[in-house]
Amino acid sequence: MTDHENRHPRTNASTPTLDDSTPTLAAENVSHRFGDLRVLEDVSLSVEPGETVAVVGPNGSGKSTLLRFLAGVRTPDSGTVTQSAAGDAPGEGRQSGYLPQQPEFRAGFCLRDTLAFYAKFVEGADIDQTLDQVGLAEIRGQHTETLSGGQTRLLGLGRALLGDPPLLVLDEPASGLDPEMVERLFAIVSDIASSGRSVVLSSHNLGPVERVADRVLVLSDGRVVADGSPRELVERSGAPDLQMAFGTLVSGDEDEPASTDARRTPDEVVEQ
Ligand SMILES: Nc1ncnc2c1ncn2[C@@H]1O[C@H](COP(=O)(O)OP(=O)(O)OP(=O)(O)O)[C@@H](O)[C@H]1O
């Protein structure tokens, strides 16, 4: 995503409303092709205020493509995406924050100046508090080009959090983070959701997803093959936990007991 897209996301955003029953985000029958490749087919999704929805699935199943559409930085071939800032969630004026899978920042600027640049486009952003929230306060003076992959992702998370938007769309926010930061990241997500904001994230970290997500959408080859609470999906698959249920859910064999395939860890599925 370009800096321009980050500052001026294109969405079908509707006028913010005070009606609590309005979903923060609604996607209906989203389909998309890249040339001959069908990447998404009839994906529908609704996210309520305060809800955390995780999109999971194997590599190439369409998660990032879907999240770009949900964030409003790209438009699908067909279907609609509507963002509606509902209730009294904070962040009036900015409907969503987006963390792309590979956040990029201009070299030669320190972290604080970088967030200060983006904060100019956002009402009520607190740069120091945001740097503290994502665990980068101590290196606020460091230049962006000297950051590790995980630190760059945390800075991207900080950019998405600026101004407390009512909707956060986070593409693999935990990728490349050490175990402590993974826990911190999912704790931040929990805090955000408990303050009434909505989060859609994609992740291969199914342990934290099972603990934090209210709903899990499982994509396989661009289709939704399962959608439910972590507990529902685990029970439906017959596996002991979401990580073990993954293979069964992706293959659509939920009536079968957890197979050997289901016992592959997400990492094994990812790194095939
Ligand atoms: N710009 C593009 N042009 C052509 N094909 C694309 C493009 N972007 C993505 N694809 C293809 O679309 C499919 C879905 O990609 P996407 O990045 O959405 O998957 P993903 O589920 O996020 O994967 P991962 O877990 O590896 O990040 C893949 O087959 C990918 O190669």
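Two strands are said to pair if DSSP finds at least two bridges between them. With that in hand, here are close-up views of this predicted model.

**View 1. Strand E1 pairs with strand E4.** Strand E1 covers residues 25-34, and five bridges join E1 to E4 in the antiparallel sense. To find your bearings, look for Ala27, whose bridge partner in E4 is Val81.

**View 2. Three strands make an open, antiparallel sheet.** The strands follow the order E2-E1-E4, with antiparallel pairing. Strand E2 (37-47) and strand E4 (78-83) are found at the edges, and each has a single partner strand, so one side of each is left without a neighbour in the sheet. From one strand to the next, the twist averages 20 degrees. Helix H2, residues 63-71, packs on this sheet and touches E1, E2 and E4. The direction of H2 makes about 130 degrees with that of E1.

**View 3. A second open sheet has six strands and mixed pairing.** Here the order is E5-E6-E7-E3-E8-E9, and the pairing is mixed.

**View 4. Strands E3 and E8 run parallel.** Strand E3 (residues 52-56) and strand E8 (residues 215-220) are joined by four bridges. A handy pair to pick out is Val53 with its bridge partner in E8, Arg215.

View 5. Helix H5 lies across E5 and strand E6 (167-171), and runs at about 170 degrees to E5. Helix H6 (residues 179-194) packs on the sheet as well, where H6 touches E3, E6 and strand E7 (198-202). The direction of H6 makes about 150 degrees with that of E7.

**View 6. Helices H3 and H5 pack together.** Helix H3 (residues 111-119) meets helix H5 (residues 149-161) at an angle of about 30 degrees, and their axes are 10 Å apart. Angles under 35 degrees count as roughly parallel, and H3 and H5 are therefore roughly parallel to each other. H3 passes H5 in a right-handed crossing. On the H3 side, the contact is made by Leu111, Thr114, Leu115 and Tyr118, while H5 brings Leu155, Gly158 and Arg159. These contact residues of H3 with H5 divide into four nonpolar, two polar and one charged.

**View 7. Helices H8 and H9 cross.** The axes of helix H8 (residues 230-237) and helix H9 (residues 242-251) come within 9 Å, crossing at roughly 65 degrees. Which hand does the crossing of H8 past H9 have, left or right? H8 passes H9 in a left-handed crossing. The contact is made by Pro230, Leu233, Val234 and Ser237 of H8, together with Leu242, Ala245, Thr248 and Leu249 of H9. In the contact of H8 with H9, six residues are nonpolar, two are polar and none is charged.

Note on methods
Residues numbered from 1 in each chain as written. Predicted model: local features only at pLDDT ≥ 70, side-chain atom pairs only at ≥ 80, totals over all residues. Helix = DSSP H or I, 4+ residues; strand = E, 2+ residues; numbered from the N terminus. Axes fitted to C-alpha atoms, helices over the stretch in contact; angles between N-to-C directions. Contact = placed C-beta atoms within 7 Å. Parallel < 35°, antiparallel > 145°, perpendicular 65-115°, else oblique. Left-handed = near helix turned anticlockwise from the far one by under 90°. Nonpolar A, V, L, I, M, F, W, Y, C, P; charged D, E, K, R; others polar.
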